[in-house]
Amino acid sequence: MAGPVVQYSGHKYLRHRLVLSILSGKAIKIDGIRSDDKNPGLRDFEVSLLRLLEKVTNGTVIEISVTGTAILLKPGIISGGPLVHDCPLSRSIGYFLEPIIMLAPFSKRPVQLTLRGITTDDHDLSADLIRTVTLPHLQLFGISDGLELRVHKETWSTSRGGGEIQFLCPIVKQVKTLNFVEPGKIKRIRGIAHAVRVNPQFSNRMIEASRSILNRYIPDIYLYSDVYKGEESGKSPGYALTILAESTTSVLFCSEAISKPGVAPEDIALQATRSLLSEISKGGCVDQKHQSLILLMMVLGSEDVGRCRMSQPTPGTIQFLRDIRDFFGTSFKIVPADPTEPNATDLLYSCYGTGHVNANRDLA
Amino acid sequence: TVKHRRTRRDWTKDIYSSDLTPEQILSSSSKPQQDGNEALDDDFFTVKQSSKIYANTDSDLLEFADRSKDPSAFSSAELSKWEDEEMLESIRGLFITGAFVDGELADE
């Protein structure tokens, strides 16, 4: 297949570029992967991601240079079906699951993916946040029946692994055009204080510290204590606080902090809570952690103008917008959401959907 | 000065028609408009600068560059502003209870 090849340099933004390549059907070549580093080339988690993408698709050709500093991927079709993948312990399951979530709705058969590894770390969304916040974002685009994330076993970073999740995703013919511009007001806050193989009191201490800030705002706050023991706790100790805030228009903001050596449960809780307030204060209908997912689904939407009000773009979002144009030729229009309010910083993102149709889909 | 503040940046133009790195675009958003323009005029040097910036970034950031949790969200500057009572009150209007409490609080 001699089609166009989109070229990049460097290891940054690897995941979203691979996703764009597979969805657009355009081959991708990336060189200069840590080529100036003492230890050049792809890391184990990046190689593992490439293997996972190979499993989820059919006919994908991946070439890696001898030094590991360059890759070429010629995408096949997204085939889906039942799959199992063991993730290396250098990154959490979220690293691998986030790109799969972007691909799965456009698969030939529904994805039923079991991932084993670490469920929570400092770098990517935890399995819990993906379940409670990321998946509801897909529902905005009409991806809902049969969408599920089952967390079988939780486990933490700096650990020996042992976590396991299963991701089930329905397939769609086409995603709906988004029109999400009313942020509404925050009406409820939910959270889970996890304590895995530590003093169960830790979760109560986190809840109390978080409430000391949040109680002032609204009465509808439930922070659950989730204490894992025995077999279901995976293999390593730790604690974390995951919180989400929901608005009257179903906007979801989330945050999460996980235990670090020498940091008290109260301080972890304060970190998570204050970072949630930061997200809320930035405004819009989608938090910064989900900007890319929303923008991607907007581009793939039916041939109509999709609109979403969101906070200012992160560096990753800016690059994603540029890369989307490389693969799909679509640019977004980005203007102040409320021109009458000079202090508001949130923006209105709009684009004309490409009318992407899932041609892989089994019609049977 | 009101007029100056109203001069908004053109995000569409900065993202699609400039050679600035994403980090440069965002760092110029907090500065006066002038800075952004200067950088735009000087495309040639901008590119060189950016490669230097990458080389100096610490290894942990380089290693985990592709991540969805932005570490700056947990920076002490970002978190410590919420220790301030006024700051905490400033977002009350974003909660359902804030709609009618707003007026009362303003009098306090």
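**Ground rules.** I'm looking at a predicted model, where local features need pLDDT of at least 70, side-chain atom pairs count only at pLDDT 80 or more, and totals for chains, interfaces and linings use all residues. Residues are numbered from 1 along each chain as its sequence is written, while chains are lettered from A and ligands numbered from 1 in the order in which they are written.

**Strand S2 of chain A.** I looked up S2(A), residues 27-31; strands here are DSSP runs of E, at least two residues, and helices are runs of H or I, at least four, numbered from the N terminus. Ile28(A) and Ile30(A) make up its covered face, with Ala27(A), Lys29(A) and Asp31(A) on the uncovered one. In a regular strand the side chains alternate between the two faces of the sheet.

Next I checked pairing, which takes at least two DSSP bridges between two strands. S2(A) runs parallel to S1(A) over 5 bridges, and Lys29(A) is the bridge partner of Gln7(A). With S5(A) the sense is antiparallel, over 3 bridges, and Ile28(A) bridges to Leu73(A).

**Where the chains meet.** I found 33 residues of chain B in contact with 41 of chain A (contact: C-beta atoms, placed from the backbone, within 7 Å).

**Confidence.** pLDDT is the predictor's confidence in each residue, from 0 to 100. Chain B averages 70, with H2(B) highest at 95 and H5(B) lowest at a mean of 44. For the complex, I noted an ipTM of 0.87 and a pTM of 0.89 from the predictor.

Terms used:
Contact = placed C-beta atoms within 7 Å. Buried ≥ 20, exposed ≤ 12 C-beta atoms within 10 Å, placed from the backbone.
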